[in-house]
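Dear colleague,

Here is the structure I said I would pass on. My notes on it come after it.

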Amino acid sequence: MADEIVNRVAQSKLVTINLEDFYPEGARIQIDVSDWLEQGFLLREKDFRTKAQEHEWEQYANKYVALYCSTDAIIPAWAYMLLTTYLSSYARKVVVGDLEMLESVLYQEQIAALDVSAYRDLPVIIKGCSDKPVPKNAYLFLIQKLQPIVKSMMYGEACSSVPLYKRKK
């Protein structure tokens, strides 16, 4: 008689966290401010303000927006701030940077609000593969949030995980 195959992973207290589960749904948009500059490089305040006033901001309703400049132009902080005054009535979130920066900020907010008490003294595995864009920073934010309370942390899948942290006794 053959021995019964036992799934020890299913019987363990190992908890898997998939960062993809915290992905905030919604469209992501980039606005290149170089399009608002003279020849893509020179910011003339009066022209910039006029373009901002005339822009159709409603198109960004309920979207996540990343403001960036694709040229080497030096953009003063007030220019991004001015655009944000218009966007804040419509957009769900506005950041200065690329889409990866936007994702990092969104995940940082999600992880900061996460109640991790359910993971206290448990072994945790952070799933690595995802179909949605999970920035590398999100993994770091999660580790910092979990490390003080978990028994151990691993990365990957239960069958082939990489140990990251184990609390000393």
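Below is what was found, starting with the whole chain and ending with one residue.

Please keep in mind that this is a predicted model.

Overall layout

The protein contains five helices and seven strands. Along the sequence these follow the pattern α-β-β-α-β-α-β-α-β-α-β-β. The radius of gyration is 22 Å, whereas the globule rule gives 15 Å for 169 residues, so the protein is more spread out than a compact globule. The C-alpha trace spans about 85 × 35 × 30 Å along its principal axes.

The protein is divided into two domains: domain 1 takes in 15-24 + 110-166, and domain 2 covers 28-91. Their C-alpha centres are 35 Å apart.

Of the 169 residues, 38% count as buried. The accessible surface amounts to about 10,900 Å², and carbon and sulfur atoms hold 51% of that. Among contacts with a separation of 6 or more, 77% are between residues 24 or more positions apart.

Strand E2 (residues 28-32) is joined to E3 by five bridges, and the two run parallel. In this pair, Ile31 stands opposite Leu67 of E3. E3 also pairs with E4, again in the parallel sense, over four bridges; there Ala66 is placed opposite Val95 of E4.

How well covered is strand E3 (residues 64-68)? Four of its five residues are buried, which leaves the strand mostly covered.

The four-stranded sheet

The other sheet to report is open too, with four strands in the order E1-E5-E6-E7 and mixed pairing. Strand E1 (15-17) and strand E7 (160-166) form the edges, and each of them pairs on one side only. Neighbouring strands in this sheet are turned by 30° against each other on average, direction ignored.

Three bridges link E1 to strand E5 (residues 123-126) in the parallel sense. Ile17 stands opposite Ile126 in E5. Helix H5 (residues 136-146) packs on this sheet and touches E1, E5, strand E6 (152-157) and E7. The direction of H5 makes about 175° with that of E5.

Ser152 sits in strand E6. Is Ser152 buried or exposed? Its relative accessible area is 12%, and because anything under 20% is counted as buried, Ser152 is buried.

What does Ser152 touch, leaving aside its neighbours within four places in sequence? Its contacts are Leu122, Pro123, Val124, Tyr165 and Lys166.

Best regards

How values were computed
Residues are numbered from 1 along each chain as its sequence is written. This is a predicted model: local features need pLDDT of at least 70, side-chain atom pairs count only at pLDDT 80 or more; totals for chains, interfaces and linings use all residues. Side-chain values use heavy atoms; hydrogens and water are left out. Domain bounds come from an automatic or database domain assignment. Two strands pair if DSSP finds at least two bridges between them. Axes are lines fitted to C-alpha atoms, for helices over the stretch in contact, and angles run from 0 to 180 degrees between N-to-C directions. Contact means heavy atoms within 4.5 Å. Buried means under 20% relative accessible area, exposed over 50%, partly exposed in between (1.4 Å probe, protein chains only). The radius of gyration is taken over C-alpha atoms; the globule rule is 2.2 Å times the number of residues to the power 0.38. Accessible areas come from the Shrake-Rupley method with a 1.4 Å probe; for residues, only the protein chains shown count as cover.
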